[in-house]
Amino acid sequence: MTPRHVKRLLLFTLTAVLLGLSIQQGFGHAWQSQYTYAFAPAAKAVPQSVPTSAKPPAPPPAAPDVPEAKPQALSKRVVEYHINVALQNDARSLYGEQTVTWTNPGKKTVSELYFHLYPNAFLNDKSTFMKESKGKLREDKATSASQGYMKLSALDTMEGESLLPRLHYVQPDDGNTDDFTLAKLKLPAPVAPGKSVSLSMSFEVKLPEVFARMGYSGSFVMVGQWFPKLAVYETAGMRGRTSEGWNIHQYHGNSEFYSDFGIYSVNIQVPESYTVAGTGFQTKAPVSTGKGDHVYQFYADDVHDFAWAASPDFVYVEDTLSGTGIPGVRIKLYLDPAHEALKDRYMHAAKSALTKYAQWYGDYPYSTLSVIVPPKGANGAGGMEYPTLVTAFAAENDNPGYSLERTVVHEIGHQYWYGMAASNEFEEAWLDEGFTSYAEDKVMESEYGVIPNLALEASYMTDPAPLKQPSWAYNSHNHYAENVYMRAKLVLVGIENQIGTRMMQKVMRTYFQKYKFKHPSSGDFQRVVEQVTKQKWHDYFNQFVYHDQMADFSIETVQVRPIEQDGKPMYESSVLVKKNGGNIGPVPLVMQFKDGTSITKEWDAQDSHIQYKVVHDSPLAWAAVDSEYRNVLDNKHINNFMLAELPETKQTRWNLSIAKLIEGLLGTLSW
Ligand SMILES: [Zn+2]
């Protein structure tokens with residue numbers, strides 16, 4: 001997901017800093033916007049099964065796109081879903097039926113399953129999601145009418161025995177018994193290792209007006225996290241687990257998702273006027289029900305989720321892409337009509353991003369990539385990733401800045417870290433968002449010449465927190481975003497700055513190649529860094545990943561003393577440099593003398609501080625530590641400089657630092 005307006009916000013905030021000379025770097029209220037929610041009661045209607053001999057449909061905007069079958073499974077395919085779903089009640093609700101099969105990937109017999117019922121996050125303001133988010137996510141604000149929910153109406157064995165009475169909602173994270181987003185099902189018979197269980201389920205979803213990634217806006221619907229979805233059963237050794245078991249969490253205000261790979265076959269029934277975009281590919285052209293509806297049929301394998309969007313207004317644009325690591329992908333744009341004039345920019349961003357990621361990290365093995373541009377009122381559904389399908393943001397004017405491309409580039413980056421590496425976003429969200437933000441910057445720089453101002457971004461890390469911790473442990477959405485997106489990215493750049501771009505490229509590629517489709521952990525990534533670089537990285541990860549360190553260096557004092565040496569008047573200049581955060585040496589020190597002489601020293605920064613003394617025939621003018629901000633984890637640049645003379649050292653720091661910040665600001669104007 002994209003934390004909207006982070007960059008622009010930085011600019012605004014920086015301006016405030018410069019104007020007010022106050023360091024209020026919080027992300028403030030700029031992510032909020034007001035939404036009015038209308039509640040439409042759900043109605044029941046059973047979708048028709050797909051007729052086999054229906055009359056020919058009207059020419060679809062998206063022709064079926066059956067790819068060549070993949071020679072072998074890329075993932076373990078632990079789950080298999082066959083879903084029929086109907087959009088109904090004026091596109092305000094869904095009725096679905098699914099058969100889900102789960103194959104025990106472990107070595108122990110399993111006697112319970114866990115299902116995520118994510119729409120229940122929007123049931124009322126007592127859900128864990130609503131309590132934690134206080135009804136706000138990014139710019140969206142829920143109102144009392146923003147209700148959504150999922151009702152299970154049937155849960156049967158394949159023999160027809162109802163298991164519904166066995167279902168219990170559980171709240172392993174917070175004990176909030178008003179939360180209905182996670183359910184435990186004790187099976188009537190345990191599942192042996194390697195064996196499968198299939199269940200038949202019926203469910204109804206009341207869609208909220210677009211909020212927190214899903215819902216309706218006018219006749220547009222974004223349907224994500226919409227079916228009862230199995231949790232991930234982690235095997236021993238996976239993500240450092242010593243014993244196998246379910247990884248179960250509720251839906252939280254800050255957390256995105258984690259699920260297992262498998263097969264999805266999904267039939268989606270919508271009014272004939274609608275076009276449907278979905279994960280995977282269409283197996284054939286939409287089929288008419290003969291009653292005013294069309295059924296779209298999608299299939300996807302080696303993915304861990306299925307999302308779709310539908311609208312009668314989509315402008316459809318398609319192009320193909322092939323090249324290194326891209327066997328032949330249909331790029332499908334589903335644009336809100338207001339964005340038709342920008343279609344080439346969206347398409348260019350999608351093609352450039354996929355081309356770069358495939359070159360850098362590895363093959364994109366899917367045959368489609370869909371980009372949905374929601375209408376203006378539905379940006380709560382924008383900037384989000386699903387397997388083979390992403391949502392961009394609606395442009396706010398006719399001449400949007402690079403944020404248009406950046407969002408597309410970011411979400412497509414997720415195809416690698418969320419989609420294929422498939423990190424656990426409940427517990428280690430940085431492995432997805434931080435990696436995606438890092439990769440996004442690389443594409444924006446190489447494709448669009450937009451150079452990130454990392455020093456400026458680092459200066460906003462006022463409340464660093466460990467990167468490996470539950471997403472709901474961050475104390476706000478901004479706190480989550482600052483850490484798992486920005487600080488995580490800086491931690492990656494910090495590695496790159498030490499090992500070089502080529503070695504970093506090798507690290508990222510090796511990590512992706514080794515762990516695609518395997519749900520890697522922070523420890524797995526650390527091991528790859530150590531194997532590729534043949535160095536120990538324990539200290540670095542311990543400080544910056546597992547703990548909340550930044551790496552601030554400061555000039556503490558500058559003193560100039562006139563002395564006499566061999567009968568000549570000289571000056572003894574001394575500079576005290578201090579390490580205030582974690583170890584990330586060496587750092588350069590520049591001592592600039594009044595006669596123009598400049599001395600550069602390199603401090604290994606092993607100790608907590610160092611004093612440099614230089615005797616020279618001219619007095620010291622100023623000293624600076626890491627004046628070019630190569631240490632991207634230095635979050636306090638204000639103390640990197642000091643003039644030698646002025647008595648009011650604080651004022652001096654400001655003057656110099658503001659000059660540097662203005663340089664930074666000028667750099668950001670090109671974003
Ligand atoms: Zn993201």
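This is a predicted model: local features need pLDDT of at least 70, side-chain atom pairs count only at pLDDT 80 or more; totals for chains, interfaces and linings use all residues.
Two strands count as paired here if DSSP finds at least two bridges between them. At the strand 23 end, the pairing with strand 24 (residues 389–391) is antiparallel and covers three bridges. Within that pairing, Tyr-386 sits opposite Leu-389 of strand 24.

Two packed helices are described by the angle between their axes and the distance between the axes. For helix 3 (residues 343–360) and helix 4, the angle is about 35 degrees and the axes are 9 Å apart. The crossing of helix 3 past helix 4 is right-handed. On the helix 3 side, the contact is built from Arg-345, Tyr-346, Ala-349, Ala-350, Ala-353, Leu-354 and Tyr-357, while helix 4 brings in Leu-404, Glu-405, Val-408, Val-409, Ile-412, Gly-413 and Tyr-416. Sorted by type, the residues of this contact come out as eleven nonpolar, one polar and two charged.

Helix 5 (residues 430–448) comes into the picture through Val-443, which lies in it. Val-443 counts as buried because 25 other C-beta atoms lie within 10 Å, against a cut-off of 20 or more. Once neighbours within four places in sequence are set aside, the contacts of Val-443 are Ser-352, Ala-353, Lys-356 and Val-409. Two of these turn up again in the packing of the helices: Ala-353 on helix 3 and Val-409 on helix 4 both belong to the contact described above. Val-443 can also be set against Thr-355: the two are 88 residues apart in sequence, yet their C-alpha atoms are 9.6 Å apart in space.

Next come the annotated positions. An unreviewed UniProt entry carries the annotation "active site" for Glu-411 and Tyr-485. These positions are spread over 75 residues of sequence but cluster in space, with a largest C-alpha distance of 12.9 Å. Glu-411 lies in helix 4 (residues 403–421), whereas Tyr-485 belongs to helix 7 (residues 477–499).

Are these two residues buried or exposed? Glu-411 is buried, as 29 other C-beta atoms fall within 10 Å. Tyr-485 is buried too, with 25 other C-beta atoms within 10 Å. Leaving out neighbours within four places in sequence, Glu-411 is in contact with Thr-2, Gly-383, Met-384, Glu-385, Val-390, Thr-391 and Ala-392. On the same terms, the contacts of Tyr-485 are Pro-3, Glu-433, Gly-434 and Ser-437.

Strands of a sheet pair through backbone hydrogen bonds, either parallel or antiparallel. Strand 1 (residues 79–88) and strand 15 (residues 262–271) are a parallel case, paired over eight bridges. The bridge partner of Asn-84 in strand 15 is another asparagine, Asn-267.

Strand 3 (residues 110–116) gives antiparallel examples. With strand 8 (residues 182–191), strand 3 pairs in the antiparallel sense over six bridges, and Phe-115 has Ala-183 of strand 8 as its bridge partner. With strand 12 (residues 229–230), strand 3 is again antiparallel, over two bridges. In that pairing, His-116 is bridged to Lys-229 of strand 12.

Terms used
Residues are numbered from 1 along each chain as its sequence is written. Helices (H or I, at least four residues) and strands (E, at least two) are DSSP runs, numbered from the N terminus. UniProt positions are given in the numbering used here, feature names are shortened, and annotations may be inferred rather than shown by experiment. A residue is buried if 20 or more other C-beta atoms lie within 10 Å of its own, exposed if 12 or fewer, and partly exposed in between; C-beta atoms are placed from the backbone. Two residues are in contact if their C-beta atoms, placed from the backbone, lie within 7 Å. Axes are lines fitted to C-alpha atoms, for helices over the stretch in contact, and angles run from 0 to 180 degrees between N-to-C directions. A crossing is left-handed if the near helix is turned anticlockwise from the far one by less than a right angle, and right-handed if clockwise. Ala, Val, Leu, Ile, Met, Phe, Trp, Tyr, Cys and Pro count as nonpolar, Asp, Glu, Lys and Arg as charged, and the others, Gly among them, as polar.
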